[in-house]
Amino acid sequence: MRAVVQDRYGPPELLRITELPEPEPGPGQVQLRVAATSINLSDWENLVGSPAYARIGGLRRPRRPVLGSDIAGRVTAVGPGVTDFAVGDEVYGDNLFLKGGFAEYAVAPVTALALRPDGLSAVDAATIPQSGAIALQGTASVTEGDRVLVNGAGGGSGTFAVQLAKRAGAHVTGVDNGTKLDFMSSLGCDEVIDYRSDDFTRGRPPYDLILDMVTGRSVFAYRRALARGGRYGCTGGPARALLRVATLGGVVGLATGRRIGMLVIKEGPEHFEPLARLCVAGEVATRVDSVVPLDEAPAALARVGAGRALGKVVVVPG
Ligand SMILES: NC(=O)c1ccc[n+]([C@@H]2O[C@H](COP(=O)([O-])OP(=O)(O)OC[C@H]3O[C@@H](n4cnc5c(N)ncnc54)[C@H](OP(=O)(O)O)[C@@H]3O)[C@@H](O)[C@H]2O)c1
């Protein structure tokens, strides 16, 4: 089978497209003919080996030679003990542990997968699992009238988080780079901020919830931007900033009547299927920037890494 292989950490130019043996499903796993795999920031982080958490399990060399975790496809073989799925089932999920979606075939544990609902294409389904789980858990506490700020609102998780917060009746502010301001408004943001020219932690009424995909500022800046009783949760960013939030954030939050901490995202179908149902019902929209063949996966990763994508970039191995 054809696959996009990563031999070491570095830029997308290091990726090569080559023939590999089809992976065989082990106990509790299925083999999929990959129909679509969306690119997440986590793919980029695993490609370049930064932040530091991207090297967990593979300090010097990537643990998995083929990236791609948000995957949709048809089951082509089942491993020992698998009863949940059968050959021919159309499934999707976040194969975060094994990855392998940038290839014609991949294997995934059944625990990561769900049946793809009728009315959801493979391309749309592949955009949902990882970003959807982050967005659902990140906005779970939002209630009518809350002031919500999504930092990184123009990205994969932010796209869903903005729509979910609006659906819950919040006033939503989106922060991202200046090229994504119209895109964030089209998602429903009431206010948009360019992070390159404006600091959202200053000069605005405080927020009840800040959901942060990038975590670049100090704990004290986050505290300043939060209303009393408000909550700050971050999902990704530089390891040092995450560590600060996980340690100092808790103390500063507690001392000032706010909650500041990391969001550890629970994985698995029960954490993304509710969003897929909303998408099928037309209440939340998937946003696809582009759909590319396997040969163009390295260029597509570069596009995502450079922050040029408006919505998800999806690789279709063909
Ligand atoms: N906590 C967990 O358990 C867990 C689980 C899975 C994934 N994650 C992590 O969660 C994060 C999710 O991100 P995602 O998939 O939504 O990423 P994404 O699609 O790349 O979106 C991030 C957005 O943030 C923007 N951005 C960059 N720097 C910014 C800044 N200083 N201020 C505001 N916006 C900025 C980016 O734009 P530009 O770069 O173009 O400017 C991009 O539009 C990733 O880091 C992933 O590794 C966490």
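Predicted model: local features only at pLDDT ≥ 70, side-chain atom pairs only at ≥ 80, totals over all residues.
Local features need pLDDT of at least 70, side-chain atom pairs count only at pLDDT 80 or more, totals for chains, interfaces and linings use all residues, and side-chain values use heavy atoms, with hydrogens and water left out.

**Stop one: the domains.** Colour domain 1 (2–127 + 286–316) and domain 2 (131–262) separately; the bounds come from an automatic or database domain assignment. Their centres, taken over C-alpha atoms, are 28 Å apart. The contact (heavy atoms within 4.5 Å) takes 13 residues from domain 1 and 16 residues from domain 2.

**Stop two: the interface.** Together the domains bury about 1,000 Å², 58% of it on carbon and sulfur atoms; buried area is the accessible area (1.4 Å probe) that two parts lose on being put together, summed over both. Now select Tyr53, Arg287 and Leu310: within domain 1 they lose the most area to domain 2, together 47% of what that side buries.

**Stop three: the ligand.** Show the 26 residues around the ligand, each with a heavy atom within 4 Å of it. Glu45, Gly156, Asp176, Lys180 and Tyr195 come nearest.

**Stop four: polar atoms.** Zoom in on Tyr195, where a side-chain N or O atom is 2.6 Å from a ligand oxygen atom. Next, pick Asn177: one of its polar side-chain atoms lies 2.9 Å from an oxygen atom of the ligand. Finish at Ile265, which places a polar backbone atom 2.9 Å from a ligand oxygen atom.

Terms used
Residues numbered from 1 in each chain as written. Polar contact = N/O pair within 3.5 Å; in protein donor to acceptor, adjacent residues only side chain to side chain.
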